[in-house]
Amino acid sequence: MQVIPAIDLRDGACVQLVGGSYADERVRIADPLAVAENWARLGFGRIHLVDLDAATGRGSNKDAVRTILDARVTSQVQCGGGVRDLATIAELFAAGASEVVLGTRAIEDRPWLDDVVLRYPNRIIVAADTRGRQLVTRGWSEIDPRTVIDFVDQLTSLPLAAILVTAVDREGRMEGPDLALMEKIALRSKVPVQASGGVRGADDLRTLAEVGVSAAIIGMALYTGMLDPQTIIEEFPE
């Protein structure tokens with residue numbers, strides 16, 4: 001089990017939202033590079049970097065993303081948020097991203113996803129965001145007719161780095177992950193599964209590991225101090 005701190009970018013700052021709602025922002029740190037450097041200094045070997053404004057069509061945090069990648073605080077930075085064309089993917093890899101996270105277009109355009117994965121085998125992470133088992137896209141504003149489980153089943157033949165399953169309705173609430181869903185997906189998927197949403201403590205991480213999840217993306221619990229970074233790194237070393 002790998003524990004991965006999340007750096008969500010909004011208006012150039014590092015933020016944490018509750019339930020994926022822009023109206024419910026609980027954490028804001030003006031210098032996201034300092035946040036990335038802190039996580040790396042504490043011993044986290046991977047960072048999950050997301051441009052929320054690009055994902056929701058509100059703008060871009062390209063400069064902040066490039067600043068963090070240029071700093072090379074860690075060799076493993078998975079980047080996503082509004083990535084919907086080959087040029088952007090190539091730019092992120094050239095800038096130093098270890099993996100690129102694809103959401104909306106990967107969900108809506110399977111031939112395009114197949115082409116991307118052919119070009120970058122084992123370097124693409126597909127984000128399957130879900131509310132109550134229903135797949136959601138376009139910054140969580142639209143509902144796909146498929147369930148997240150059906151969608152994951154359609155991905156298992158691809159040479160992906162991982163599938164990231166985010167329980168959007170649990171994001172930032174620290175009420176526990178959707179363990180039943182994560183276990184079901186981990187059992188069905190031939191691709192490593194990353195889980196996000198609701199983690200509140202070490203017990204949740206242990207249970208996710210037990211059900212077969214390969215990594216957990218942690219946000220609010222780290223930023224609010226509910227999870228002690230040093231304790232987590234010691235129990236879940238890179």
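Threonine 74 is in contact (heavy atoms within 4.5 Å) with Phe44, Gly45, Arg46 and Ile47, leaving aside its neighbours within four places in sequence. This is a predicted model, in which local features need pLDDT of at least 70, side-chain atom pairs count only at pLDDT 80 or more, and totals for chains, interfaces and linings use all residues. Residues are numbered from 1 along each chain as its sequence is written, and side-chain values use heavy atoms, with hydrogens and water left out.

**Threonine 74**

- The loop between α3 (62-71) and β5 (76-80) holds threonine 74; helices (H or I, at least four residues) and strands (E, at least two) are DSSP runs, numbered from the N terminus.
- Threonine 74 counts as buried, because its relative accessibility is 13%; buried means under 20% relative accessible area, exposed over 50%, and partly exposed in between, with a 1.4 Å probe and protein chains only.
- A polar atom of the threonine 74 side chain lies 2.6 Å from the backbone oxygen of glycine 45.

**The chain as a whole**

- The protein chain has 11 helices and 12 strands.
- Its radius of gyration is 16 Å, close to the 18 Å that the globule rule gives for 238 residues, so the chain is as compact as a globular protein of that length.
- That radius is taken over C-alpha atoms, and the globule rule is 2.2 Å times the number of residues to the power 0.38.
- The C-alpha trace spans about 40 × 35 × 35 Å along its principal axes.
- Of the 238 residues in the protein chain, 56% are buried.
- Among contacts with a separation of 6 or more, 67% are between residues 24 or more positions apart.
- The protein chain exposes about 9800 Å², and carbon and sulfur atoms supply 46% of this area; accessible areas come from the Shrake-Rupley method with a 1.4 Å probe, and for residues only the protein chains shown count as cover.

**Helix α6**

- Helix α6 covers residues 110-119, and its residues Trp112, Leu113, Val116 and Val117 are buried.
- Seen down the axis of α6, the buried residues fall within an arc of 130 degrees, so they line one face of the helix; the arc is that of the directions from the helix axis to the C-beta atoms.
- Pro111 and Leu118 are exposed, on the face of α6 turned away from its buried side.
- The cover over the buried residues of α6 includes α4 (86-95), β6 (99-102), α5 (104-108) and β7 (124-131).
- The N-terminal end of α6 is capped by aspartate 109, which has a side-chain oxygen 3.2 Å from the backbone nitrogen of tryptophan 112.
- Aspartate 114 also belongs to helix α6, and with a relative accessible area of 33% this residue is partly exposed.
- The side chains of aspartate 114 and arginine 110 make a polar contact at 2.7 Å; a polar contact is a pair of N or O atoms within 3.5 Å, where within protein one must be able to donate a hydrogen and the other to accept it, and residues adjacent in sequence count only if both atoms are side-chain atoms.
- Aspartate 114 is 45 residues from proline 159 in sequence, and their C-alpha atoms are 9.6 Å apart in space.

**Helix α9**

- In helix α9, residues 202-210, the buried residues include Ala202, Asp204, Leu205 and Leu208.
- The buried residues of α9 line one face of the helix, because they fall within an arc of 160 degrees when seen down its axis.
- Asp203 and Glu210 are exposed on the other side of α9.
- Elements covering the buried residues of α9 include β1 (2-10), α8 (179-188), β11 (193-196), β12 (215-218) and α11 (229-235).
- Glycine 212 follows α9 and has a positive phi, near 105 degrees.

**Cysteines**

- There are zero disulfides, a disulfide being a pair of cysteine sulfur atoms within 2.5 Å.
- Cysteine 14 is in no disulfide, and the nearest cysteine sulfur, in cysteine 79, is 14 Å away, too far for a bond.
- Cysteine 14 is buried, with a relative accessible area of 0%, and cysteine 79 is buried at 2%.

**Positive phi outside glycine**

- Aspartate 11, a residue other than glycine, has a positive phi near 55 degrees.
- The loop between β1 and β2 (13-18) contains aspartate 11, which is exposed with a relative accessible area of 56%.
- Asparagine 122 has a positive phi near 65 degrees and sits in the loop between α6 and β7.
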